[in-house]
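Hi everyone, thanks for making time. I have one model to walk you through, so please have a look at the screen.

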Amino acid sequence: MITRIEKSKAQQRAAEMMRQAGIQIGDHEIDLIEVVDFGLSHLETEGVQVFTMVSTQRIAAKVLVLFPNQTEPEHWHPQVGDDPGKQETVRHIWGDLRFYVAGDDNMKEGFIAQDKESAYTLRHERVLKPGDQLTFEPYEKHWFQAGPRGAVLYSFSTTVRDGLDGFTDPDIQRITVVKDED
Ligand code: ZN
């Protein structure tokens, strides 16, 4: 759960970071940035901001913004009906970014959110530089985290069905609830 104010602040901040990264976004589009807390209600720790440039029945192109030290939880993109599952390429544009993928534990720069050891099983760290990119096949688990400056990256993929993604953390709900202030 996030509040309406928290959402609009996060949208503004994400738009500023996009512009700093050299990616244009119109003032009228800031409202469209999705603020995702994964139902965990601590956006700054685990969360992501998503600006969708295009999303059709076949393809999607998005800008993902992570605030400083914010983590996108471990997940994978499963098969849905006839669709073999989302194939995704991420390309780092700006800031400090590391990905965690299958492989030996070489974790050095990153950290696991407090009391979340079991929600993050992958410990093979890939520190990306702007211009680096990675491709994930359906079911290939991954999670990622920003360093001290935050990070801005592109995500290009086949059809997006965020609501059906799998997450290691059983407490996650992909659809963020926005609450009006009382
Ligand atoms: Zn993914």
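Predicted model: local features only at pLDDT ≥ 70, side-chain atom pairs only at ≥ 80, totals over all residues.

Residues are numbered from 1 along each chain as its sequence is written, and side-chain values use heavy atoms, with hydrogens and water left out.

Let's go to the metal. Which residues coordinate the zinc ion? They are His75, His77 and His142, each through NE2, and Glu88 through OE, at 2.2 to 2.4 Å. A donor here is an N, O or S atom within 2.8 Å of the metal (3.2 Å for Na, K and Ca), and water is not among the atoms, so sites may look incomplete. The 4 donor atoms subtend angles of 85 to 173° around the zinc ion, which makes the arrangement irregular. For reference, four donors are tetrahedral if all angles lie between 85 and 135 degrees; four are square planar, and six octahedral, if opposite donors are over 155 degrees apart and all others between 65 and 115; anything else is irregular.

Along the sequence, the donor residues follow the spacing H-x1-H-x10-E-x53-H. Histidine 75, in strand E5 (residues 71-76), and glutamate 88, in strand E6 (residues 88-101), are 13 residues apart and link distant parts of the chain. Strands (E, at least two residues) and helices (H or I, at least four) are DSSP runs numbered from the N terminus. Histidine 75 and glutamate 88 are both buried; that means under 20% relative accessible area, with exposed over 50% and partly exposed in between, using a 1.4 Å probe and protein chains only.

Now the inside. The largest nonpolar core has 20 residues, and Phe38, Val48, Leu97, Phe99, Phe144 and Leu153 have the most contacts inside it. Strands E3 (48-55), E4 (59-66), E6, E8 (133-136) and E9 (142-158) each give two or more residues to this core. Apart from it lies another core, of 19 residues, including Ala14, Met18, Ile30 and Val35. By nonpolar core I mean buried Ala, Val, Leu, Ile, Met, Phe, Trp, Tyr and Cys residues joined through side-chain atoms within 4.5 Å.

On to the rings. There are 6 aromatic pairs, counting rings of Phe, Tyr and Trp (its six-membered ring) with centres within 6.5 Å; planes under 30 degrees apart are stacked, over 60 edge-to-face, and the rest tilted. Tyrosine 120 and tryptophan 143 have ring centres 4.6 Å apart and planes at 65°, so this pair is edge-to-face. Tyrosine 120 sits in the loop between E6 and strand E7 (124-128), while tryptophan 143 is in strand E9, 23 residues apart. Both of these residues are buried. Phe99, Phe136 and Phe144 are linked into a cluster by ring pairs.

Most residues other than glycine have a negative phi. Phenylalanine 38, though, has a positive phi near 55°, and aspartate 115 has one of about 60°. Are they buried or exposed? Phenylalanine 38, in the loop between strand E2 (34-36) and E3, is buried at 1% relative accessibility. Aspartate 115, in the loop between E6 and E7, is exposed, with a relative accessible area of 75%.
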